[in-house]
Amino acid sequence: MSQAHPLLSAVLLGRRHTEIGRLASAAEGCAAITLSRGGAAKTYGHTDLNEDAVYFAQGEGGWLLAVADGHHGASGAEAVIQHIATELAPNWTGPANLGFDAQSWQECSLDVLHDCGRAVLRRAAELGTGPAPTTLSLALVRPGESGLAWISMGDSLLFRAGRDSLEELGWTSLGRKDRYFVGYEAASRQGMRDRSDSGYQDLGDTRALILATDGLSETNIGVADPARAVLEALAESDGEAEEDRALALATHLSATAMQAHIDNRAGDNIGCSVLDLRGPRVV
């Protein structure tokens with residue numbers, strides 16, 4: 001028997017998108033993802049041409065978004081996204097009430113990060129290579145429970161746009177210069193508590209969620225003011241038809257990052273995953 005409301009999802013993996021200046025995209029309703037190698041070539045040491053991966057899923061109960069930025073190869077980001085897609089998305093976007101609150105979500109986030117780290121290490125073992133640790137920014141929206149939850153490790157970005165505000169969430173919002181990644185052999189579940197950020201709050205007046213890898217924000221590569229770039233992308237996409245708005249938002253933000261790479265003569269991969277709730281919240 002088919003589901004009354006099947007899981008809709010899309011994923012873009014860096015190893016499949018390696019042409020400078022080309023932007024891949026996918027969209028479904030309120031959600032969209034984009035991914036590019038970047039607007040210019042990387043000028044720093046790297047293993048693969050594109051080490052980012054992006055994802056969204058929509059189910060009867062809500063949406064799940066994720067971006068990952070691998071280091072020392074694309075396999076880590078890919079492993080994390082595939083773990084999220086297979087092990088988390090079906091339940092987290094399903095119809096059953098999840099019952100999270102701030103405390104239970106924080107404990108859940110440590111389990112998620114630890115399990116994602118194991119996925120990175122398993123993939124490395126399968127490939128016979130060294131691990132490729134990765135950033136992770138993840139957001140879960142459950143309209144029926146009026147819940148917004150997020151998990152962040154590393155310097156990928158996460159913004160929440162309200163009716164008259166833009167709020168940065170996640171690790172980069174803490175103003176700390178240190179950063180940590182998912183996928184180290186020595187990492188413990190408990191050790192991730194002080195090396196990551198997570199939160200659970202009322203969905204409130206959330207109009208959009210914007211997740212992006214650091215191709216948007218890296219010093220001397222991306223834009224000088226990522227928040228301003230997000231606001232400009234929101235304004236630019238505001239006049240689009242409702243069914244096109246999410247993709248327009250992600251595309252404009254990605255194009256802004258890629259132009260910065262050209263201007264700075266230094267590139268980086270840029271991946272975005274967005275949820276646009278400026279219309280009716282229908283899951």
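**Notebook: salt bridges and a helix pair**

I began with R189, which counts as partly exposed because its relative accessibility is 25% (buried is under 20% relative accessible area, exposed over 50%, and partly exposed in between, with a 1.4 Å probe and protein chains only). Before going on, I noted that this is a predicted model, where local features need pLDDT of at least 70, side-chain atom pairs count only at pLDDT 80 or more, and totals for chains, interfaces and linings use all residues. Residues are numbered from 1 along each chain as its sequence is written, and side-chain values use heavy atoms, with hydrogens and water left out.

**R189 and its partners**

I looked up the partners of R189 next. Its side chain meets that of D111 in a salt bridge, 2.6 Å from N to O (a side-chain nitrogen of Lys or Arg within 4 Å of a carboxyl oxygen of Asp or Glu). R189 lies in the loop between β9 and β10 and D111 in helix α2, so this pair ties together parts 78 residues apart in sequence. Helices here are DSSP runs of H or I with at least four residues, strands are runs of E with at least two, and both are numbered from the N terminus.

R189 also forms a salt bridge with E107, at 3.0 Å from N to O. E107 is in helix α2 too, so the pair links parts that are 82 residues apart in sequence. I found D111 partly exposed at 36% relative accessibility, and E107 partly exposed at 29%.

**A pair within α3**

I then checked R228, which forms a salt bridge with E232, the closest N and O atoms being 3.1 Å apart. The two are four residues apart in helix α3 (residues 226-237), so about one helical turn separates them. R228 is exposed at 53% relative accessible area, whereas E232 is partly exposed at 36%. Salt bridges that share partners also join R15, E78, R123 and E126 into one network. My tally for the structure is 18 salt bridges.

**How α1 meets α2**

Last, I looked at helix α1 (residues 75-92) and helix α2 (residues 102-127), whose axes come within 8 Å and cross at roughly 135°. Axes are lines fitted to C-alpha atoms, for helices over the stretch in contact, and angles run from 0 to 180 degrees between N-to-C directions. I therefore call α1 and α2 oblique to each other (under 35 degrees is roughly parallel, over 145 roughly antiparallel, 65 to 115 roughly perpendicular, and the rest oblique).
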